[in-house]
Amino acid sequence: PVLFFVLSLVRWSRRSDPVRQAARRQAGAANNAIQKLHRLRIQRGADAKTFKPELAEILRAFIGDRYNRVSTSLTALDCKGLLLADGQEPRAVERFYDILQDCEASRFAANAGDSAAADPEEIKVLLKQLGKKNGK
């Protein structure tokens with residue numbers, strides 16, 4: 001019983017360590033975003049009005065988790081700066097920025113942007129690419 005208690009205490013301390021939690025969040029950021037995108041894609045036909053705002057939330061959450069930032073305070077320009085500073089491929093970063101800009105614009109103007117700009121398959125590939133360390 002004492003050994004079990006000590007082992008569970010060690011395990012609990014490892015799980016509650018903020019550094020380890022941040023590392024787990026950063027490592028799984030791309031996969032979490034892809035899963036959320038998949039769920040959103042399933043709902044897309046039913047509620048096309050909310051697709052772009054929800055997509056923007058997913059993209060910001062990806063950057064927030066990846067770079068340990070508060071996702072709700074990030075703008076498209078902030079995301080672009082973080083990705084470029086991390087050494088990601090400039091074309092991929094620019095595409096991510098364009099998609100996020102389009103999603104943000106749709107929040108304020110109903111007809112802003114075109115729906116082709118937010119192709120879920122392209123976003124999935126982009127998230128996988130940007131989820132890698134230093135673009136490698």
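Predicted model: local features only at pLDDT ≥ 70, side-chain atom pairs only at ≥ 80, totals over all residues.
**Entry 1**

I started with α5, which covers residues 76–85, and α6, which covers residues 90–108. Two numbers describe a packed pair, the angle between the axes and the distance between them, so I looked up both. For α5 and α6 the angle is about 165°, and the axes lie 9 Å apart. Angles over 145 degrees count as roughly antiparallel, and α5 and α6 are therefore roughly antiparallel to each other. I also checked the hand, and the crossing of α5 and α6 is right-handed.

Next I wanted to know which residues make the contact. From α5 I noted A76, L77, C79, K80, L83 and L84. On the α6 side I wrote down P90, V93, E94, F96, Y97, L100, Q101 and E104. Sorted by class, this contact has ten nonpolar residues, three charged ones and one polar one.

**Entry 2: the cavity**

Then I turned to empty space, which a probe the size of a water molecule, rolled over the atoms, brings out. How many cavities of 30 Å³ or more are there? I found one. The largest cavity has a volume of about 30 Å³.

I listed its lining too: A29, N32, A33, K36, I58, A61, F62 and D65. Which helices supply at least two residues each to that lining? They are α3 (29–43) and α4 (51–66). By class, I put down five nonpolar, two charged and one polar residue for the lining of the largest cavity.

Key:
Residues numbered from 1 in each chain as written. Heavy atoms only, no water. Axes fitted to C-alpha atoms, helices over the stretch in contact; angles between N-to-C directions. Helix = DSSP H or I, 4+ residues; strand = E, 2+ residues; numbered from the N terminus. Parallel < 35°, antiparallel > 145°, perpendicular 65-115°, else oblique. Left-handed = near helix turned anticlockwise from the far one by under 90°. Contact = heavy atoms within 4.5 Å. Nonpolar A, V, L, I, M, F, W, Y, C, P; charged D, E, K, R; others polar. 1 Å grid on protein atoms, 1.4 Å probe; cavity = no way out; pocket = protein on both sides within 12 Å on 5 of 7 lines; lining within 4 Å. Points joined across faces, edges and corners; volume = space filled by probe spheres on them.
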